[in-house]
Amino acid sequence: MTLAVMALYATGTTRLTGIASWRVKETDRIAAMAAELRKLGAGVVEGDDFIEISPPRVWRAATIETYDDHRMAMCLSLAAFNPLAGARPAQPLRILDPRCVAKTFPDYFEALFDLVRADVDDLPVITIDGPSASGKGTLAAALARRLGWQFLDSGAVYRATALAAHRARVSLDDEPGLAAVAANLDLHFDGTRILLNGEDVATELRQESTGAAASRVSGWPAVRGALHALQLSFRRVPGLVADGRDMGTVVFPLAPLKVFLTASAAERAQRRHKQLISKGIQASIADLRTDIEARDARDQSRVTAPLKAAEDALRLDNSALGIDESVDMCWVGGGSATRWTRVRPAEAPA
Ligand code: C5P
């Protein structure tokens, strides 16, 4: 099966014979291979016990079905190297249900990604921006999980900077001091753990006081500049879902899909309240709403990278939606289409 995919890179036609047994494996592998190779632009002739493959004259982007067959996922992944066969521009490849490799090689894709180097500009990015407690973090994390992509919680980066500054007794008014803290941030994300200088600070980062300090820290241009490269470094294979305030406007302005998530301040205060109560932290809804509105005002009015929707973003007001429903809407790209609005109406129908 690997040879069948390598045939895409040959200069002539490749014929594999004596492979009748392929038809009675996890799936009918001759039929499956023929269907998927054709999607990429290859010419394929199949018979009871053979397959003949002529490489694509013009490579096409494709979404590959894997038929719950680990070998289909692993073999077809090699078609992602199409630029080596002259495809210009590189044609993106999407492997559906990549986790089917679990049968024999659970971390196949991680191992593959460790071996390859991709042109960072080719890696897809989805940005999800919005105000505090709009649900963007939950949405972004869920999308990243479903896609198997990297995840950047940029709010946590600002929160960690605020926490590190507090520990180093750097004042929230000391811009150069804060920028130095940001530039030397020893921060690692490891599943649900967030390690600052090796210590898990995930719980501390979620405190309201840390969020409020982060909002002040993030107003300094030198801090934003110092954190820029760190945020860009999250763009790794196979792609990135990034959430924050300026992901679509400043950090990843060329991202092909940008979402701006909003909800009323009243709804966001309710959600934050529920979240805190579930963690045993007491809070008043009125105070939370005042805090959220103050944070919104500060984020929207700052000079550097103010909170606003990118012009090419899709806006979703999820006040009347649960977070799970929002995730489903992004995932299927639909739900009630009327809930999605373009920030700037397209000039011509796309
Ligand atoms: O999203 P979260 O509430 O964790 O963010 C904490 C603070 O960090 C925000 O209030 C905002 O001021 C700041 N922030 C930012 N730019 C980002 C992400 C967060 O200014 N991309």
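## Exercises on a cavity and a domain interface

The structure holds one cavity of 30 Å³ or more. A cavity is a set of points on a 1 Å grid over the protein atoms alone where a 1.4 Å probe fits but cannot get out, and lining residues have an atom within 4 Å of a point. The model is predicted, and local features need pLDDT of at least 70, side-chain atom pairs count only at pLDDT 80 or more, while totals for chains, interfaces and linings use all residues. Residues are numbered from 1 along each chain as its sequence is written, and side-chain values use heavy atoms, with hydrogens and water left out.

**Exercise 1.** State which residues line the largest cavity, and explain why it lies between domain 2 and domain 3.

*Solution.*
1. The lining consists of Thr203, Arg206, Gln207, Leu276, Lys279 and Ile281.
2. An automatic or database domain assignment supplies the domain bounds: domain 1 (2-115), domain 2 (121-149 + 238-350) and domain 3 (156-211 + 219-232).
3. Because domain 2 and domain 3 both give residues to the lining, the largest cavity lies between them.

**Exercise 2.** Describe the interface of domain 2 and domain 3 by its buried area and its salt bridges.

*Solution.*
1. Buried area is the accessible area (1.4 Å probe) that two parts lose on being put together, summed over both.
2. Domain 2 and domain 3 bury about 1000 Å² between them, with 50% of it on carbon and sulfur atoms.
3. On the domain 2 side, Val251, Arg295 and Thr304 supply 37% of the area buried against domain 3, more than any other three residues.
4. A salt bridge requires a side-chain nitrogen of Lys or Arg within 4 Å of a carboxyl oxygen of Asp or Glu; the rule finds three across this interface.
5. Arg224 and Asp246 form a salt bridge through their side chains (2.9 Å, N to O).

Key: 1 Å grid on protein atoms, 1.4 Å probe; cavity = no way out; pocket = protein on both sides within 12 Å on 5 of 7 lines; lining within 4 Å. Points joined across faces, edges and corners; volume = space filled by probe spheres on them.
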